[in-house]
Amino acid sequence: MTINFPNNIEDLELLKMLKNYADGKSSWKGSELTIIEKESSNLLYSNIINFINNVIIPILNRATSRELESFTMHDKNHGMKVAQLMWRILTPEKREILSPPEIGLLVFSAFFHDLGMALNKEEREKRLRIIWDTMALSTRKKYQKMIEDSAVETKDSTENFIALQKLTSAQEAMLCIDTRERHGSRERYNELITMLQSFHQKDPVNITNIYSVLKYQGDSFLDVLLEICISHNEPAESLLQLNMLTPGRLRFPSNYPVGGCNVNIHIIAAALRLSDILDFDRERTPSVLFHYLLPQTSLNSLNRSYLEWGKHLSISNWTIDAEAITYNGHCYDHVVHHTLNQFCEDISNEIKSTRKTFTERKEDWPFFLSQNVICNIIEHGYKYTPYTFEADTDRVFELFMGKSIYSEPIDALRELIQNAVDACNLRESILKLYDEATKTNPIIIKFEEAVDNEIPKISVIDKGIGMDKWIIENYLFKIGKSYYNSFDFNQTRNELRKKNIDFAPVSEFGIGFLSSFLLSDRVEIETAMWESPRGDSLKRIMEIDGPTRLIKYSEQVNEGPGRYKGTRVTLYLTKDYENMEDTFWNSAKKYLRDVCVDLPYILELQYVSKDGQLSVEYIEPIKKVIDIPESLLKHSLKMEVDDVETGLKGEIVLINPTYLDYEVNEYIEKKGFILSDEESFWNDVTRSEYSEFNESNSRLIRGGFKIGQVPGLPESEIFGINNSFSHISLDWRKSDNMRYPRTDLARNSLAEKGNISDSINRIIITYLINNSENIHIDLLTSIIYRKRTVEGRKYLENYNALKLFNIFINCHAYARDINPVDLLAWKKGEILLPYYKYGNEKRYYENYLFTTILDMLIKYISKPVVSKNTIQLKPPIENWEETLYNLANFQDESDGWGLFAEFEEQYEDVLYIDVLHYEFFNEKYKILLMENFRYDELSLFEKILSKMTLISHDKINRYEYDILERMSKIVGDASIIPFSGSDEITLNQMLQSKK
């Protein structure tokens, strides 16, 4: 059956039937219609025609006028197609008994469900302001930069156009995402009703009151229409939900009275969702393709347009038959082709899910639709092969249930407690909608010793949201599918946000429960949902056998005031733990105290002995400060962290390394260690107070759980002993996706540490610079600063370059034992200043903070003079202070002076010297080298030398050898010093060694 779509609303089959009712030509009830029924049908028909033509269609058509034109067509044509599809997919038997209000609801929902996609100018500006307010700081900065760039007038009109296009594209992308997410919300539909009412008030003659339009024989069905439209953006299972305002009644009943008719709301809601998903062709982008065509970030320019979409795909026609739904067309892109296949699978799954709601309600399937959806696409320029990765199920379970991910079996407790925290958080958040004083009970961890022939068991018990059958089937037993990443949860979270209630779940992967089998071969789950939207209050008990993965499942009636709510997970400990109950429980308590640092709920630890005696302990959130040993307190620098940009909170402590060095030496003397016996000393010292202090005072906290050490802290110059400690909590509110940063699968560290590491580094360095006058110079000169990307240290440009230089040139003088008088003489232009001397340093200074920052700045005011083991600075340029004071944008990829430098007199004929990380060609050879070599070839020289010396065992390739050979011919048999402290070697000698 090929479907033809009319151009005029009057030609819709549904409205033709309604017109027949009005004219008395047919009847939905099997008998002749009364005059009142005809008149009511005629009034409804007229109201629908006039209102949709005069109000709804003009609004829909503007949806494609600007912000949505690149991606989808939610205009009159889509409404017409959905309404016609509703008729076509209903069985003939159901069409014949459609009542007037059912026809009204079908037609109105077809045009009204996507009305929220349309934005007028005022709404557009309002939404952009709201998006700005909720935007993560990092994204806001990028967007602000686009606004600024678009406002700058340049001589090049092309640059202005590109900047404005980028801004417009970013706004379009953000509005598309925002509008798609909220267009089907109750809030948006209420806004639309208010808007439609305002149209009537401005022009009551030509625009009918919306409440009068959606009425039959005196009964309004506006509220029903809104529920139907809201449900089209929800999973099919929403059709099974109970009415939250009328307990015990279905949200979508099959016999809802409107005037003299009973309306089947279930069928209408199902018809809308099925017809909506069936309508995709060249004019309309499926939502799954929308995400493919949309840029990866809302601040990139659009990398696909509607025209490009039209090039990629042209659906020629599609048919609906008893055997299959078939889409026929052409495609020019293999990714789009594969996505279309996926979308056809989505259509099939939607039909299956919707049909299941009729089965569960024991109602007949009213649609002429097959679950078989075929994507018949002709490829152009490629051969489509639907290869995909397939998982070895046994191996997957082996990985997730074994030690491949988790380092310790006891990590299973953390995973279960994380689930419990999320469940309690969700329940508490929902309760706040009705009672702000609500607080969930503590989470219980209960250990029971073995009695008789039983084995010991440990349970995690919470009074959280619990699970009903739907949650169990769709999330608990679906590996890698987390409820907290689902549409169901996001929908609930959106409702909470409307009341300024929100939380970010700690769980994310959907695999944590499987860690239970690290401790147990048998797991028992007892659960009942606190308030199921599906009206499912049954308690369910599942016994899971780990080795076979078989599940014993039972259901129990669970009613009354004292009914069970929440979840209990019990692990029957494996035989490995039978004879070590006390040790296991003590280990578990120690582990929980270390990991469960700052939970929003108290942990109640219950221990039941063999004779049934119960003892109870509690784990409460620890204070967010670091306890410094008395002996180190006066040598410590404490920094409170409350970072606006990232939301990081907590405390960082730096200890003066000079004093720590003294403490360690004193410890060595007291213990009687021989300094050369380093291994035995460090084995012992790891058990000292320093080691315990290190371990317990460096915590990165995510959702209350410790996930490892804090990245980005300064490193210590004393092997094995840290001099920086921190207790830092992550904040989800500052992230772009309003979630906690992702961890690795084992939850031992962040998946991406770079941003947090850069932020911690920025926080520390900013504090040190701001308070440099009050910080001991020993501490300032001891900070090791691994070189960051230019972006990662851009914050330094917030400071005046002269201020930075004065702070860190003094650190340089202190570290190098340079007399202040000599430093002053250098500043006056009277002497050279020692910058580096190999082999005579107390410390290796390459990665120290003061060296790194000086390297950024010194190149602007002074040039180096290089020898085999030293670098000295020439007197600074005239007006050097003014140069630094006015210096901006001093962050670039090159920290140093470039490739060439002046060599000391005794090395005037040497071609190249490497003094640790400073590498230079002799200025004497600059013209000759630049005439015969590209810059990138000269930059490669250090790498070539490292391969040809003892520094590296790698072999040089032919290209590198040719560079060396050409250099030998051009500059002659010049000598080089390939690394610090080495003897001179000629180019010819190096070439001979590699022949």
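**Exercise 1. Work out which residues form the contact between helices H27 and H29 in this predicted model, and describe the crossing.**

Step 1. List the residues on each side. H27 contributes Ala 801, Leu 804, Phe 805, Phe 808, Ile 809, Cys 811, His 812 and Ala 815. Their partners in H29 are Leu 849, Phe 850, Ile 853, Leu 854, Leu 857 and Ile 858.

Step 2. Sort these residues by class. The contact of H27 with H29 holds 13 nonpolar residues, 1 polar residue and no charged ones.

Step 3. Describe the geometry. H27 spans residues 801–815 and H29 spans residues 849–858; their axes come within 9 Å and cross at roughly 130 degrees. H27 is therefore oblique to H29. The handedness of this crossing is left-handed.

**Exercise 2. Repeat the analysis for helices H5 and H11.**

Step 1. Start with the axes. For H5 (residues 100–112) and H11 (residues 222–231), the axes come within 10 Å, with a crossing angle of roughly 50 degrees.

Step 2. Assign the orientation. The crossing of H5 with H11 is right-handed.

Step 3. Name the residues. On the H5 side are Leu 105, Phe 108, Ser 109 and Phe 112. On the H11 side they meet Val 224, Leu 225, Leu 226, Ile 228 and Cys 229. By class, this contact comprises 8 nonpolar residues, 1 polar residue and no charged residues.

**Exercise 3. Decide whether Glu 508 is buried or exposed, and find the partners of its side chain.**

Step 1. Glu 508 sits in the loop that runs between helix H19 (487–498) and strand E10 (520–528).

Step 2. Check the accessibility. The relative accessible area of Glu 508 is 7%. The cut-off for buried is under 20%, so Glu 508 counts as buried.

Step 3. Find the polar contacts. The side chain of Glu 508 makes one of 3.4 Å with the side chain of Arg 742. Another, of 3.2 Å, joins the side chains of Glu 508 and Thr 743.

Methods. Residues numbered from 1 in each chain as written. Predicted model: local features only at pLDDT ≥ 70, side-chain atom pairs only at ≥ 80, totals over all residues. Heavy atoms only, no water. Axes fitted to C-alpha atoms, helices over the stretch in contact; angles between N-to-C directions. Helix = DSSP H or I, 4+ residues; strand = E, 2+ residues; numbered from the N terminus. Parallel < 35°, antiparallel > 145°, perpendicular 65-115°, else oblique. Left-handed = near helix turned anticlockwise from the far one by under 90°. Contact = heavy atoms within 4.5 Å. Nonpolar A, V, L, I, M, F, W, Y, C, P; charged D, E, K, R; others polar. Buried < 20%, exposed > 50% of the residue type's maximum accessible area, 1.4 Å probe, protein only. Polar contact = N/O pair within 3.5 Å; in protein donor to acceptor, adjacent residues only side chain to side chain.
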